[in-house]
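This report goes through one protein model, from the whole chain down to single residues. Keep the sequence and the 3D view open while reading.

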Amino acid sequence: MAEKQIAPDAATQGNTPADSTTPIRLAFAPCTDYTTQALRPALEHVLHPQIKAAGGVSGKTVMLKPNLLAWRKANDPQAVNPRFIVETAKVFLDAGASRVAILENPAVQTTPQILRAMGISDELKSLGVDAANFTNYRKQPPLDAVCFRNLEIADEFREYDFVADLAKAKTHGMMTLTFCVKNLFGLVNGGDRLAWHLAVGRDYDKFADMLIDLYLVVRPAFNLLDAVTCMEGNGPGSGTPTDRNFIAGGTDALALDAAAARVLGVDPDELHIIKRAKARGLFPAPESVGILDTPPVCEPLALPERPVMDMAQLHLGVGIPRWIQKPLYKALVVNPKVDPDKCVGCGVCVKMCPPKSLKLSGGKPDFDLPHCIRCFCCQEHCPKGAIEPKMTRTMRFVKAVDRLFRGTKKRKSK
Ligand code: SF4
Ligand code: SF4
């Protein structure tokens with residue numbers, strides 16, 4: 001597709017049309033489904049400008065880091081679609097890459113197990129694409145980072161010429177919406193992931209700072225977003241699949257995440273990662289970001305309910321005294337809640353809870369809410385989608401009043 005000049009509008013948020021001098025290039029492509037016929041041209045459209053910007057991949061090695069959290073059923077919106085992974089690998093191989101490999105560290109199954117469950121193992125093998133879990137973790141030296149200290153991350157990414165970050169567009173109880181930057185959390189050692197959740201507790205800005213630090217270390221050359229089928233509502237574990245029929249890509253994950261958020265109906269400044277990147281002077285200047293196409297016009301995603309205290313942190317920073325925070329937090333919060341009909345008592349949620357504020361009682365999870373940090377790891381990893389966020393009664397009331405005054409309606413998942 002030829003590069004188009006477009007006028008900056010609400011979706012491009014002041015970014016300039018791309019030309020050969022624009023250092024960061026974002027691209028969007030419509031994609032109706034996961035067939036090769038639909039995916040291949042869309043992927044080429046968003047990837048080729050990135051490959052060009054990287055100086056080509058001929059004779060180079062590429063590590064794919066797909067979001068492979070788990071695979072429960074066909075078209076599971078928790079993970080990047082299997083066809084998206086295969087076709088991306090093919091685009092790199094056809095562009096001359098000497099080696100393409102898939103590395104990830106899913107919480108419960110291994111990378112090869114998930115790819116097998118997805119039904120793409122044999123095809124990847126026939127293409128010569130290896131798949132493995134990260135195993136070689138190393139403490140990273142601190143950057144200019146605010147909080148990146150003593151974090152162990154997978155070192156394998158250094159063995160490749162390029163990293164390609166393949167993310168799913170999905171809602172997230174803690175981070176609201178997650179795309180490419182959050183997907184890199186998979187490079188963090190599993191034990192450290194829990195420790196980090198525990199360390200930052202309810203301070204979502206701190207968690208965002210850590211993700212940004214991680215991004216600065218890994219700096220994927222290629223960033224791709226699977227938004228053909230997204231997850232809305234109670235993400236990241238028990239959300240609803242919903243089609244938005246596009247894919248996006250770009251040479252800068254922060255710029256791409258912000259542009260994708262806008263397309264999916266969320267002001268990027270409402271996302272902790274974007275807010276913190278801007279506050280730290282790390283978000284690219286609008287004039288350095290070029291968009292090759294008019295971004296798609298989409299119905300906004302239905303978002304998970306957010307604790308009022310989280311919104312206060314976003315908008316007021318540290319302005320709320322601690323002694324008020326505690327009782328306010330208790331009243332205005334979203335709690336994890338189990339659906340006993342869906343729960344099979346497997347105990348994965350207990351294993352994944354960073355502060356161990358969860359135990360099985362009578363075969364079902366029993367939450368110790370005063371010690372729960374609302375990270376929603378239990379929800380994210382529940383294989384049955386049995387855990388849902390539930391607002392307190394006070395919070396439901398406050399939200400309803402807020403909607404009344406602002407004249408907005410609640411967005412419901414379909
Ligand atoms: S809530 Fe989910 S993860 Fe926890 S025991 Fe039940 S099925 Fe397993
Ligand atoms: S109960 Fe769930 S939301 Fe609460 S801390 Fe444990 S994993 Fe996080």
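## The chain as a whole

The model is predicted. The protein chain holds 14 helices and 16 strands. Of its 414 residues, 48% are buried.

Contacts in the protein chain can also be sorted by how far apart the partners are in sequence. Taking contacts between residues at least 6 apart, 75% join residues at least 24 apart.

## The largest nonpolar core

The largest nonpolar core has 110 residues. Those that touch the most other members are Leu 211, Leu 225, Ile 247, Ala 248 and Ala 260. Because domain 1 (16-291) and domain 2 (308-406) both give residues to this core, it lies between them.

Apart from its neighbours within four places in sequence, Leu 211 is in contact with Val 181, Lys 182, Leu 184, Phe 185 and Ile 273.

## Helix α9 and what comes after

One of the contacts of Leu 211, Ile 273, belongs to the buried part of α9. Helix α9 covers residues 272-279, and six of its eight residues are buried, so the helix is largely enclosed by the rest of the structure. The buried residues are His 272, Ile 273, Ile 274, Lys 275, Arg 276 and Ala 277. Just after α9, Gly 281 has a positive phi of about 70°.

Pro 284 sits in the loop between α9 and β12 (289-291). A residue needs 20 or more other C-beta atoms within 10 Å to count as buried, and 12 or fewer to count as exposed. Pro 284 has 16 C-beta neighbours inside 10 Å, so this proline counts as partly exposed. Pro 284 and Pro 23 are 261 residues apart in sequence, yet their C-alpha atoms are 9.8 Å apart in space. Leaving aside neighbours within four places in sequence, Pro 284 is in contact with Ile 24, Asp 252, Leu 254, Ala 255 and Val 289.

## The two ligands

There are 13 residues around ligand 1, and Cys 343, Cys 346, Val 348, Cys 349 and Cys 382 come nearest. By class, this shell around ligand 1 divides into 10 nonpolar, two polar and one charged residues.

Around ligand 2 there are 14 residues, of which Cys 353, Cys 372, Cys 375, Cys 377 and Cys 378 come nearest. The shell around ligand 2 has 12 nonpolar residues, one polar and one charged.

Strands β14 (358-361) and β15 (residues 364-367) pair in the antiparallel sense over four bridges. Ser 361 has Lys 364 in β15 as its bridge partner, and Lys 359 has Asp 366. The hairpin has two residues between the strands, and in this hairpin Gly 362 takes a positive phi near 60°.

Lys 356 is found in the loop between α12 (348-352) and β14. Its phi is near 55°, a positive value in a residue other than glycine. Is Lys 356 buried or exposed? Lys 356 has 12 other C-beta atoms within 10 Å, so this lysine is exposed.

Thr 176 lies in strand β9 (residues 176-178). With 21 other C-beta atoms within 10 Å, Thr 176 is buried.

Gly 385 is in the loop between α13 (377-381) and β16 (387-391). Because Gly 385 has 19 C-beta neighbours inside 10 Å, this glycine counts as partly exposed. Gly 385 and Asp 339 are 46 residues apart in sequence, while the distance from C-alpha to C-alpha is 8.7 Å. Apart from neighbours within four places in sequence, Gly 385 is in contact with Gly 237, Ser 238 and Lys 342.

Methods: Residues numbered from 1 in each chain as written. Chains lettered and ligands numbered in written order. Predicted model: local features only at pLDDT ≥ 70, side-chain atom pairs only at ≥ 80, totals over all residues. Near = placed C-beta within 6 Å. Nonpolar A, V, L, I, M, F, W, Y, C, P; charged D, E, K, R; others polar. Core = buried A, V, L, I, M, F, W, Y, C linked by C-beta atoms within 7 Å. Domains from an automatic or database assignment. Contact = placed C-beta atoms within 7 Å. Pairing = 2+ DSSP bridges.
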